[in-house]
Amino acid sequence: MTRTGLVQDARFQEHRTGPDHPERPERLAAIASRLASDGLTEACVGVEPATVDMAHVERVHQTDYLRRLEEACRSGAPYIDVPDSAVCPASYDIARLAVGSVLQAVDRVMAGELDNAFCAVRPPGHHAEHHMSMGFCLFNNIAIAARYLMDHHGLSRVLIVDFDVHHGNGTQHLFEADPRVLFISLHGHPGIVYPGTGYEHERGVGDGAGFTINLPMLPPSSDEEWQQAFDKTVLPEAEKFAPEFVLISAGFDAHRLDPLAPLELETPVFGWMTDRLAEIARAHASGRLVSLLEGGYDLEALAESTSLHVSRLLEA
Ligand SMILES: [Zn+2]
C-alpha cells in the first residue's frame, strides 16, 4: 500500500482574493469535500502544515520583492504587482504556511515516511518570478521545493512536470540556466493562452540548455494529443534525465469545463498523466513524488480531477 501524504488546511482559505476572483477559497473547500466523500482524506496520511523559514524562500525570490509583498499585505493593498495577484492582510502568512507545508511533505518523503504526497495549497505558485508576482501566484512554491531538495537534501536531478494549462513562466525562468532541474511544461499555446510564454524554442540557457522543454498545445486540444506528447517527449526525456525526485505542478485548468482556458481535456487524462509520472518516480526516484495544486477554476471539474489524481497517487 502506497503511503500518500496529504497537505490540507482550512487556513489556506484565509487568503482572500475578493469577489469574482477565479482563484478563490471555495476551490479548496470543493477539493476537501470531494476527497472526504471519496474516502481519500482517510486513506492518505495527513501532513501537518508549518510556516516556512524565509531563508528557503530567499533562495528563490529577491528580498526586495518579499519586503514589498509583506508590506502590501500588511497595509491592506488589494493586489501586488498586477491586479490578478490579489492579496489580503493574511496573504503573506498564508503563503508562508502554504510553502512551508510543501517542504514538510518533501521532508517526509525524503525521510521515507511517505512514498508521495499531494499538497492542496493556495495561493498557487508557478507564475511567480524571482522579483515579482504574476497570475495569482505569490511565492513560487514548486521552485522553492526544488531548491530545497537541492540545497537542503543534496539532490542533483529534480524533475518538474507542469501540466497546468498556463505556462509555468516563473518556474522556467528560475531554473532555465540550471541543468539540475529538468522542467517540462504542457500548456495552452502561448499565442492564445496566458501568459504568452512557453514556446517550443525556449529550451533553457547556458548550462541549462536542453533542460527546459515546452510543449504548447493548440486549442481545443484533446486527451489523445496530451497522451501523445507524453509518449513522444515527456516520458523519454524524463527517462533520460533519471530524476531523483519528481515534482508536479498540478493545475487542472486544461479541463474542458474550466472557464479560464479553451482546452478540452476530460477528467480521466489527469489520472493517466499521474500514473505515467508515478511510474517515472518509481523507476528512478524510489517513488519519491510530491504534487502541488496550481490552477483549476471550475469547482466540480477541479474536485473531480483532484480526487482522481490523489486516488492514482494512492495506487502508485
Ligand atoms: Zn493555470
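Four donors count as tetrahedral if all angles lie between 85 and 135 degrees; four count as square planar and six as octahedral if opposite donors are over 155 degrees apart and all others between 65 and 115; anything else is irregular.

Quick notes on the source. This is a predicted model, with local features needing pLDDT of at least 70, side-chain atom pairs counting only at pLDDT 80 or more, and totals for chains, interfaces and linings using all residues. Residues are numbered from 1 along each chain as its sequence is written, and side-chain values use heavy atoms, leaving out hydrogens and water.

Now the zinc ion. Its protein donors are D164 (OD), D164 (OD), H166 (ND1) and D253 (OD), at 2.0 to 2.7 Å. Donors here are N, O and S atoms within 2.8 Å of the metal (3.2 Å for Na, K and Ca); water is not among the atoms, so sites may look incomplete. The angles among the four donor atoms run from 53 to 155°, and the site is irregular. The sequence spacing of the donor residues is D-x1-H-x86-D. That pair links distant parts of the chain: H166 sits in the loop between β4 (158-162) and α7 (169-175), D253 in the loop between β7 (245-250) and α9 (268-284), 87 residues apart. Helices (H or I, at least four residues) and strands (E, at least two) are DSSP runs, numbered from the N terminus. Both H166 and D253 are buried, meaning under 20% relative accessible area; exposed is over 50%, partly exposed in between (1.4 Å probe, protein chains only).

Next, the sheet. Eight strands form an open, parallel sheet, ordered β2-β1-β3-β8-β7-β4-β5-β6. Pairing takes at least two DSSP bridges between two strands. At the edges are β2 (45-46) and β6 (212-217), each pairing on one side only. β4 pairs with β5 (residues 181-188) over five bridges, in the parallel sense.

Helix α8 (residues 223-241) packs on this sheet. It touches β4, β5 and β6, at about 175° to the direction of β5. Contact means heavy atoms within 4.5 Å. Axes are lines fitted to C-alpha atoms, for helices over the stretch in contact, with angles from 0 to 180 degrees between N-to-C directions.

How do α8 and α9 cross? Their axes come within 11 Å, at roughly 10°. That makes α8 roughly parallel to α9, the label for angles under 35 degrees; over 145 is roughly antiparallel, 65 to 115 roughly perpendicular, the rest oblique. Residues in the contact include W226 and F230 of α8, and W272 and M273 of α9.
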